[in-house]
Amino acid sequence: MSDVLTATRVPARLGRFVLRMFRPQIYVTYGVLWTLTLEGSAEALSGPSSHWTPSGVTVVRAVSVVLALLFARMVDEQKDLEYDRRHNPDRPLVTGAITVAELRGAMALITVLVVALNALVSALSVLLILLALGYTLFLVALERWSPRIGEAVIASLLVSYPVQLLLSGYLYVSLLTSDAIDGDGRAVPLMAMFACAFLQFEFARKTEWRRDPEARLYSEVLGPRGSAAMCLALAVGAVALGLLLFGTRGLLPALSVVFPALGAWRFLVRRQPSGLMLPAMGFVLFFNLLCFYGSTAIAIGR
């Protein structure tokens, strides 16, 4: 009887973990937009011979990206457990609301699901999505081998960010292997555009006025003003790359730069402690949405 109760409680516990730590309304939206925008943009840049349209395979890629992001969130929760015990005692893993075994079981299930889904696309898609998941696990081993990497916020960013690049590479190469696009050198600035959009949010969420050497804030290294300036510069970089790639069609996505500009004003002038966060997320979502709209308009007008 206890085994039955445990089996029924685990999905509920995992569900509460996802709702609290993954926030589907944000990260699922982001993962889906990321997939659609990269596919639509790659098609728009590929030339008149390309024939991409959203399809069932697009759904497979979007689900795979969202599951990979959830996988990474679960890994981070375990990797940061000792830190959270000291600084975030209300986290689910610290309080016992979820266990390491339950998270690892969910990670195994995610792995099986993404392999099964991408087997419908191509063997290379399976390999690339597994490479992204595997790199996430490699980061745990790397930080255990060299704890200073996890403690140094900039070094930690440099070694962890390739997960996002691998997922962008997975989306692009999966499109290539399904003959949906004709690839060229513009794939590099395209993925750099996505990198800038995401990194501005990464800097925004770890930029504060308070001083706390143990909080792993970018503002501890660059200073609050320097970190806020980096956040704004990355947003401008994303917009500039969009204009480079799409020309006048990139003007619409460029309007979303108003979000990080507002965040910088709230943080630097009004000195609101969390003034960067919501505008940074707004930029990520609206920039992706407007890029997808613009790239789709290019394809339709071709």
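Biologist: At what angle do helix α13 and helix α15 pack, and how far apart are their axes?
Modeller: This is a predicted model, so keep that in mind throughout. In it, α13 (residues 224–246) and α15 (residues 258–268) pack at an angle of about 170 degrees, and their axes are 9 Å apart.

Biologist: And how are they oriented relative to each other, roughly parallel or roughly antiparallel?
Modeller: Anything over 145 degrees counts as roughly antiparallel, so α13 and α15 are roughly antiparallel to each other.

Biologist: Which residues meet there?
Modeller: On the α13 side you have P224, R225, A228, L232 and A235. Those meet P260, A261, A264, F267 and L268 in α15.

Biologist: Switching to rings. How many aromatic pairs are there?
Modeller: The count comes to nine aromatic pairs, taking ring centres within 6.5 Å as the rule. Take Y135 and F138: their ring centres are 5.6 Å apart and the planes sit at 45 degrees, so that pair is tilted.

Biologist: Why are Y135 and F138 about one helical turn apart?
Modeller: Because they're three residues apart in helix α7, which covers residues 123–145.

Biologist: How accessible is F138?
Modeller: F138 has 42% relative accessibility, so it counts as partly exposed.

Biologist: Which residues form an aromatic cluster?
Modeller: Y30, W34, Y161 and F198 form one.

Biologist: I also want to look at L199. Where is it, and is it buried or exposed?
Modeller: L199 is found in helix α11, residues 187–205. Its relative accessibility is 15%, so L199 counts as buried.

Biologist: What does L199 touch, leaving aside neighbours within four places in sequence?
Modeller: L199 is in contact with L157, Y161 and L234. Y161 also belongs to that aromatic cluster with Y30, W34 and F198.

Biologist: How far apart are L199 and Y161, in sequence and in space?
Modeller: They're 38 residues apart in sequence and 8.7 Å apart in space, going C-alpha to C-alpha.

Biologist: OK, new topic: what lies over the face of W209?
Modeller: That's R271, at 3.8 Å from the ring centre.

Biologist: Where is R271 found, and what's its phi near?
Modeller: R271 is found in the loop between α15 and α16 (277–301). Its phi is near 55 degrees, a positive value in a residue other than glycine. For context, most residues other than glycine have a negative phi.

Biologist: Is R271 buried or partly exposed?
Modeller: R271 is partly exposed, with a relative accessible area of 45%.

Biologist: What about R23, what's its phi near and where is it found?
Modeller: R23 also has a positive phi, near 45 degrees. R23 is found in the loop between α1 (2–22) and α2 (24–46). As for accessibility, R23 has a relative accessible area of 32%, so it's partly exposed.

Biologist: Last one, T95. Which helix is it in, and what does it contact beyond its neighbours within four places in sequence?
Modeller: T95 is found in helix α5, residues 92–95. Leaving those neighbours aside, T95 is in contact with P89 and D90. T95 is partly exposed, at a relative accessible area of 46%.

Biologist: And how far are the C-alpha atoms of T95 and F71 separated?
Modeller: By 20 Å, with the two residues 24 apart along the chain.

Definitions and conventions
Residues are numbered from 1 along each chain as its sequence is written. This is a predicted model: local features need pLDDT of at least 70, side-chain atom pairs count only at pLDDT 80 or more; totals for chains, interfaces and linings use all residues. Side-chain values use heavy atoms; hydrogens and water are left out. Rings of Phe, Tyr and Trp (its six-membered ring) pair if their centres lie within 6.5 Å; planes under 30 degrees apart count as stacked, over 60 as edge-to-face and the rest as tilted. Helices (H or I, at least four residues) and strands (E, at least two) are DSSP runs, numbered from the N terminus. Buried means under 20% relative accessible area, exposed over 50%, partly exposed in between (1.4 Å probe, protein chains only). A charge sits over a ring if NZ of Lys or CZ of Arg is within 6 Å of the ring centre and within 35 degrees of the ring normal. Axes are lines fitted to C-alpha atoms, for helices over the stretch in contact, and angles run from 0 to 180 degrees between N-to-C directions. Angles under 35 degrees count as roughly parallel, over 145 as roughly antiparallel, 65 to 115 as roughly perpendicular and the rest as oblique. Contact means heavy atoms within 4.5 Å.
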